Amino acid sequence: MSKNDPQVFICFQKDDDGEVSAMRSGRSIKHAEKILEEEPPYNDSSEDEIPNKGESANQDEIVSHPTKHDSIGDVCYRLLNSLDKSLTPYHSAIELTTLFRYGLQKAGIEAQIYNTVKNSSELVNSGELFETFAISPKLHDKLTEGMNNIEEIDQGMKVLPSSLLLSIVATFDSIIGDFLKDLITRDPASIDFGDKSFSYRELFKTKEIETLKNNIIDDEVNRLLRDSHKEQVRYIEKLSQTEIINHHERWRNFYEVFERRNQYAHANGVATRAYLEKLKREKYPSEDIAIGSRLELSTSYLHKAVDYLIEFGTLLSFVIWRKGSDDPNPAFGALSDASYFYITKKRTKLAAWLLDFALHKQSRKGVEEMRVRQMYVNLANALRKKDKKEDSEKVLAELDWSATSIDFRICIASIREDVEEVIRLLPAAAASEDISIDAIRNWPVFDWVRSNDKFRDKFFEVFGEQLIIDFESSLQEMPDKPKRDVPESTVH
């Protein structure tokens with residue numbers, strides 16, 4: 001290339017793993033490298049509590065035919081199952097969508113553009129996460145079609161996050177609609193008919209009075225679902241005689257998910273004055289969101305949106321179950337088991353929210369001690385997995401564990417990564433049958449010691465088997481995985 005030739009610059013952005021992830025061309029180095037300001041390397045983080053900032057412009061099916069004879073436990077347990085079955089899978093969908101988009105983009109840039117430029121052009125600037133080349137206009141023209149194709153595909157993929165958000169909220173609305181129907185069916189007298197009346201014609205046209213009742217309930221639920229989500233919750237508060245909004249720590253986060261959904265459904269994802277005013281009324285931090293800015297739908301945001309909805313639905317079920325039953329143990333047991341399930345799915349922050357609410361914001365009077373201790377162990381483990389070691393220790397310090405059974409003590413030693421203590425307790429735990437070989441292999445509390453060579457050796461000595469089973473050799477021995485309601489009520 002002659003120094004007198006006009007030049008085009010192309011900047012390739014790289015991820016932490018060194019792979020090319022994005023590109024931009026321009027008539028100056030500064031223009032090409034502007035990509036570094038606009039699209040930082042993909043690095044999803046789900047640690048921030050409130051994801052607000054905008055960017056520039058397996059279980060058994062439960063047939064839902066509620067009757068007035070259903071117990072409050074039946075109704076609330078159905079809600080838990082629906083949240084698990086219908087909302088939890090969105091976490092996998094979010095990951096697949098993100099990986100597919102970025103994988104497709106990387107592959108296209110690497111194969112069609114980067115290798116050609118690298119082998120035929122001058123490197124004029126570079127850093128840890130980028131490389132900028134000077135290319136001839138002729139080569140730029142040659143690559144333009146490929147660059148346009150990649151951009152077109154990427155633009156098409158960008159609509160997927162908004163589609164996911166709309167689908168997530170629609171699924172939650174359906175779940176809450178079924179829950180409302182269950183609650184009203186148990187107490188049809190709770191319907192406020194206002195001035196509504198029924199003619200004799202309507203009564204005689206309906207062959208069965210139960211059909212008329214079901215139609216009335218359906219109409220009431222449909223009316224409620226057309227209301228705002230805040231009004232729906234107020235209706236549930238009145239129906240269950242329970243305060244929800246004022247006692248829900250993340251109400252503002254829950255509320256914002258629906259408002260952001262509305263912005264994508266009606267305003268192309270742009271923050272409007274009305275949106276910001278609603279957030280302000282709910283005391284949601286929105287100072288960094290400007291009117292006209294495009295609201296982000298990052299992988300992190302979508303994951304947390306799902307967690308906020310699951311948390312709200314689970315706590316709604318728990319609080320109403322507790323209020324409507326003389327025995328607190330079924331409600332505590334269901335929440336405990338759900339929390340353990342979310343730990344196994346690596347939704348540890350969600351699990352910690354649920355367990356903290358039950359243990360520290362609700363009365364534990366009448367709850368079995370064994371269940372309470374299980375929940376404490378799971379809460380400590382969830383906090384430890386979020387790198388909140390001090391908080392984990394504070395939770396464990398709330399109870400005296402010295403006189404507890406060996407299964408509790410070995411679990412706590414594992415959470416504290418006290419390998420020597422776990423090794424010391426393992427033979428006695430195995431002999432007492434308090435801890436099974438499958439528990440050591442599967443319970444999340446033992447994640448802290450499984451990779452330790454000394455522990456693996458002791459495991460083999462005690463059980464006569466390797467800790468890690470070779471997957472291929474064990475395929476024929478593995479039974480079909482049963483469908484899951486909730487995990488067993490054991491220490492996890």
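Residues are numbered from 1 along each chain as its sequence is written, and side-chain values use heavy atoms, with hydrogens and water left out. Because the model is predicted, local features need pLDDT of at least 70 and side-chain atom pairs count only at pLDDT 80 or more, while totals for chains, interfaces and linings use all residues.

Helices are DSSP runs (H or I, at least four residues), numbered from the N terminus. Helix α10 covers residues 251-266. Its 16 residues reach 23 Å from the first C-alpha to the last. The expected span of a helix is 1.5 Å times one less than its number of residues. Buried means under 20% relative accessible area, exposed over 50%, and partly exposed in between (1.4 Å probe, protein chains only).

Tyr-264 counts as buried, at 14% relative accessibility. Beyond its neighbours within four places in sequence, Tyr-264 is in contact (heavy atoms within 4.5 Å) with Ser-162, Leu-165, Leu-166, Gly-269, Arg-294, Leu-295, Glu-296 and Leu-297. Arg-294 is 30 residues from Tyr-264 along the chain. The C-alpha atoms of Tyr-264 and Arg-294 are separated by 9.5 Å.

Asn-268 lies in the loop between α10 and α11. Phi of Asn-268 is positive, near 55°, in a residue other than glycine. Asn-268 counts as exposed, at 55% relative accessibility.

Aromatic rings were examined next. Rings of Phe, Tyr and Trp (its six-membered ring) pair if their centres lie within 6.5 Å; planes under 30 degrees apart count as stacked, over 60 as edge-to-face and the rest as tilted. The whole structure holds 17 aromatic pairs. In one of them, the rings of Trp-251 and Phe-254 have centres 5.5 Å apart and planes at 40°, so the pair is tilted. Trp-251 and Phe-254 are three residues apart in helix α10, and are therefore separated by about one helical turn. Both residues are buried. Phe-318 and Phe-357 have ring centres 6.3 Å apart and planes at 80°, so this pair is edge-to-face. Phe-318 lies in helix α12 and Phe-357 in helix α14 (residues 348-360), so the pair ties together parts that are 39 residues apart in sequence. Phe-318 is buried, with a relative accessible area of 2%. Phe-357 counts as buried at 11%. One aromatic cluster is formed by Phe-172, Trp-251, Phe-254, Tyr-255, Phe-258 and Phe-312.

Ala, Val, Leu, Ile, Met, Phe, Trp, Tyr, Cys and Pro count as nonpolar, Asp, Glu, Lys and Arg as charged, and the others, Gly among them, as polar. The axes of α6 and α12 come within 10 Å and cross at roughly 5°. That makes α6 roughly parallel to α12. Axes are lines fitted to C-alpha atoms, for helices over the stretch in contact, and angles run from 0 to 180 degrees between N-to-C directions. Angles under 35 degrees count as roughly parallel, over 145 as roughly antiparallel, 65 to 115 as roughly perpendicular and the rest as oblique.

Helix α14 is mostly covered, with eleven of its 13 residues buried. Among them are Thr-348, Lys-349, Trp-353 and Leu-359. Their cover includes α12, α13 (329-344) and α15. The end C-alpha atoms of α14 are 17 Å apart, which agrees with the 18 Å that its residues should span.

Helices α15 (residues 369-385) and α16 (residues 389-397) have axes that come within 7 Å and cross at roughly 170°. The two helices are therefore roughly antiparallel. Tyr-376, Leu-379, Ala-380, Leu-383 and Arg-384 in α15 meet Lys-389, Asp-391, Ser-392, Val-395 and Leu-396 in α16. These residues divide into six nonpolar, one polar and three charged. Asp-387 lies in the loop between α15 and α16. Asp-387 has a positive phi of about 60°, although it is not a glycine. At 69% relative accessibility, Asp-387 counts as exposed.
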